[in-house]
Amino acid sequence: MLGSTGNDGVKRWAVLLLDPVTTRVFSSAAGIADLLDYGVSLVDDVLKQREPLTTLSGVYFVAPTPEAVARIIEDFGTSRKPLYRDAYLFFSSPLPPELLQRLRGCPGLLARLRTIKEVNLEYLVLNRRTFSTAQDGALRTFFGAGAELAPAYAYEISVAATRLASLFASLKEMPAIRFRAAIPPGDDFPPGLEIRLLVAQRVALELHERLLILQHAGLVPEADTCELVIADRGADPVAPIIHEWTYEAMAHDLLGPDLGSNNVFSYEAETQGGKTERKEHVLDDRDALFSELRFTHFAEATTRISQLLDEFRQKNKAASFKGEGGADLKSMGRLVRALPQYREQLSKLGAHVELATRLTASVDASRLTEFGKLEQDLVYGDATSKEVIALLSQSGSIPPAEKVRLLMCYSATHLEKMDPVREQQWQKVAGLRPADLAVVTNLEYLGVPVYKRSKGMVSLGFGRKRHRAIRKDREGSEDDQQYALSRFVPLLHELVEDAAANRLSTDEYPWVQPPSSPGSSRAPSSAEATPKSMMGGVASARTLRTTGNWARSKPSGNLDRTESGNMSVQSGIGGGPNRRIFVFVVGGTTYSEVRAVHRLSKKLNRDVFLGSTGIETPVQFLDDLASLANPTPQAALEIETPLRQQY
């Protein structure tokens, strides 16, 4: 795309025009150095007024919206001088025919048009195995009270389907799609929940329709080449709230807003002159140490940081002389500040020393080891309300959010225990406000039966068949079981394992269309492929077309930027038992689930990718839950930072 202005071998400088959607898409995959290498001297917002730059080419990478098309036409309209020497148009998803006709009706544009392409890039690459459709506020949009009646509900489903289709088109994959089936919740749940729980099904069906169009255009294979499982946040409401004890997850949990959406860690450092300055360090795959530590247990991460600092001291006599011999984090911090001549070498290591120091202080200040152990005991059935009451009775100085999270772990695993009397009792024991308890009971909006049910009512435990949502405890050799507080594994781990082993239930996760690949699960009958929730519903009127035989041994995608953190697709197999597995979580995924996918890819020797409407940190999840009773419609991809940048 960026190299299109120099196809004749002559390097020409260009302006890159983006909109709010493509700004974040582009930022997740490229940096300033990439732009300069391809001759981009300026990045600008296509939706704003701009000055003419007639010596430069205009490279437009925009979503196919009426607003963007109107701006392009205005830039080359007959009423004024064209803004750029020529135009290169790239659309992030298929361009509707009516918008193409509008472009054709602009003679000034046609005279200068050099390229027009649909590049199918409308998703964010978060790391080598994780992507996002960047739908901020999706949990509120899909699960808030009355959300199913709001225009944003249908619109965001369409956005999710469009962006997922762009992913599979760019990877040249055709997925066999499964979705989490909705179980009728009963009258005791919040009104409209039955319709809202169909969100995974509706995304699956709309995505399938878009893929059929792309298939007809030859943009995806004729038959399924991979598997896609679409779930929703209600499938595992514990994962966003339980304390995760790995390095990356703890950073986003305990530092929260300090990291921001750009993963920038800010900290105070001492300069050579003895003054204090604020430094910033980006936590992403460009930092080799962060890549090494991100999925490790915090205890192992701090040990590794200490080891690296010791190695540095051994190699540098000045460091050994000035060091105080201690391996604790405070000593390491003093060492970093005491060595101005080695500051450049120690800058990245120093950032991690400061990060680990702050995380340790947060754990100690809030007694998180006690809370974390009890949370995991609750999840695995080794604790009851008795232990919760005992801890909350002694936690007067603990932040209310930590108490709320503990009660949510209890309520999401010990179902149907709440009633008005017990609500008041929990408020008194924990010292919480009614608004705090409302966050706990708002789990009902995700289909979790927090309140006691009338006799004979259906329970919607996320274990489906179990009254208590007790999980399978992992073997001691798995993950980080040698460390304390590392028992928790998200249910997505089991979901992927079951999908890979062809044992995922077709009742809980039916197919939109049975897979054609002989390496997939047994193709169920038409009755099995259609869940009970679809019978007589809005989806039953849709006709799903059959595709041809699959035949593909190698992927056509060429995205291979694993070292820089972008998605890796080069090692997958198009068909057969080792074909790729994609999981998409409507309503947000978590860092524990990101970790699970990375580890399962190694364990299964198979490409596994995780997508979602966004990343839900515990702080964000609590805020979203608090708002479910009165949701505010959210627009996809709200731009937060000024776009115009001069390089």
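Select strand S8, residues 175-179: five of its five residues are buried, where buried means under 20% relative accessible area with a 1.4 Å probe and protein chains only. Strands are DSSP runs of E with at least two residues, and helices are runs of H or I with at least four, numbered from the N terminus. The model is predicted, so local features need pLDDT of at least 70 and side-chain atom pairs 80 or more, while totals for chains, interfaces and linings use all residues. Residues are numbered from 1 along each chain as its sequence is written, and side-chain values use heavy atoms, without hydrogens and water.

Show the side chains of S8 next. Pro175, Ile177 and Phe179 point one way, and Ala176 and Arg178 the other. Arg178 lies over the face of Trp511, 4.2 Å from the ring centre; this requires CZ of Arg, or NZ of Lys, within 6 Å of the centre and within 35 degrees of the ring normal.

Move to helix H7, residues 151-171. Because 17 of its 21 residues are buried, H7 is largely enclosed by the rest of the structure. Lys172, with a positive phi near 55°, follows H7.

Finally, consider the aromatic pairs, whose ring centres (Phe, Tyr, or the six-membered ring of Trp) lie within 6.5 Å, with planes under 30 degrees apart stacked, over 60 edge-to-face and the rest tilted. The count is 10. Select Phe168 and Phe582, an edge-to-face pair at 5.0 Å and 70°. Phe168 belongs to H7 and Phe582 to strand S12, 414 residues apart.

Note on methods
Buried means under 20% relative accessible area, exposed over 50%, partly exposed in between (1.4 Å probe, protein chains only).
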